[in-house]
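Grab a pencil and keep the viewer open. Here are a few exercises, each with a solution worked out step by step.

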Amino acid sequence: MDEYQDHSLGGRVFQKLREDILRGKYQENDELRENTIGKELGVSRTPVREALRQLELEGLVTIIPNRGAYVTGISHKDIWDIYVIRSMLEGLCARWAAEYITEAQLDQLEEAILLSEFQMKKESGFNTEQIAALDGRFHAILYEASGSRILSHVLSDFHNYVQTARQSSIVSEDRARKSIREHRQILRAIRERDPEMAEQLANEHIMHVMQNLKKQGY
């Protein structure tokens, strides 16, 4: 039972540290001290050590024997590579979604777009974090709608890995509006059960994101 609890805790610590690294709380070369993290999260060193090993397998942390664990992080090249791969896989995802999506998932995609459009109409100005969250919600629904557990898992991981870059890519109001329009076009093609058009539009959407990231210095 204790061993099971340690593994369960290790998984939760892993998710928390992974999110903190990807969100930029920890910077490249920062040391991740087991004692400090354990105290912050209220756990022993065992689940922290397990989480650090998992993070090392993902390439987010480097463990140096007799020295400690250090953040490797996600480089600009990593981000660019992820978007190149996404530009190929997102189209496949949209193609399959056009074939397998349910009415409930169509409604969820519509809701995500409507909420994004509502955010853009606020007199106080749009909130980058909220728009990025709704962007993530749209893509998460799309991944699930593909009907492929493997593709959904791969794309979800990639999406999480580029959280900071995604916010940078919609930093301008103009790009945010264009992104939402592109989402609506993708949804229209999927609703019309047009796999070829859905694939083309999804690929173009990611290419536009990449063009905007170039302007941001990625």
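**Exercise 1.** Work out how α4 passes α6 and which residues meet there.

*Solution.* Start with the handedness: α4 passes α6 in a left-handed crossing, where left-handed says that the near helix is turned anticlockwise from the far one by less than a right angle. Helices here are DSSP runs (H or I, at least four residues), strands are E runs of at least two, and both are numbered from the N terminus. Next, the geometry: α4 (residues 76-100) and α6 (residues 128-145) pack at about 65 degrees, their axes 8 Å apart. The axes are lines fitted to C-alpha atoms over the stretch in contact, and angles run from 0 to 180 degrees between N-to-C directions. Then look for contacts (heavy atoms within 4.5 Å). From α4 come Arg 86, Glu 90, Cys 93, Trp 96, Ala 97 and Tyr 100, and they meet His 139, Leu 142, Tyr 143 and Ala 145 of α6. Finally, sort these residues: 7 are nonpolar, 1 is polar and 2 are charged. Here Ala, Val, Leu, Ile, Met, Phe, Trp, Tyr, Cys and Pro count as nonpolar, Asp, Glu, Lys and Arg as charged, and the others, Gly among them, as polar.

**Exercise 2.** Decide how far to trust the model.

*Solution.* This is a predicted model, with local features needing pLDDT of at least 70 and side-chain atom pairs pLDDT 80 or more, while totals for chains, interfaces and linings use all residues. Residues are numbered from 1 along each chain as its sequence is written, and side-chain values use heavy atoms, without hydrogens and water. The chain averages a pLDDT (the predictor's confidence in each residue, from 0 to 100) of 88, and 93% of the residues score at least 70. Over residues 1-6, pLDDT stays under 50.

**Exercise 3.** Find the largest nonpolar core and the residues with the most contacts inside it.

*Solution.* A nonpolar core is a set of buried Ala, Val, Leu, Ile, Met, Phe, Trp, Tyr and Cys residues joined through side-chain atoms within 4.5 Å. The largest has 28 residues, and Leu 109, Leu 142 and Ile 190 have the most contacts inside it. Helices α4, α5, α6, α7, α9 and α10 each supply at least two of its residues.

**Exercise 4.** Is Arg 177 buried or partly exposed?

*Solution.* Buried means under 20% relative accessible area, exposed over 50%, partly exposed in between (1.4 Å probe, protein chains only). Arg 177 has 33% relative accessibility, so this residue counts as partly exposed.
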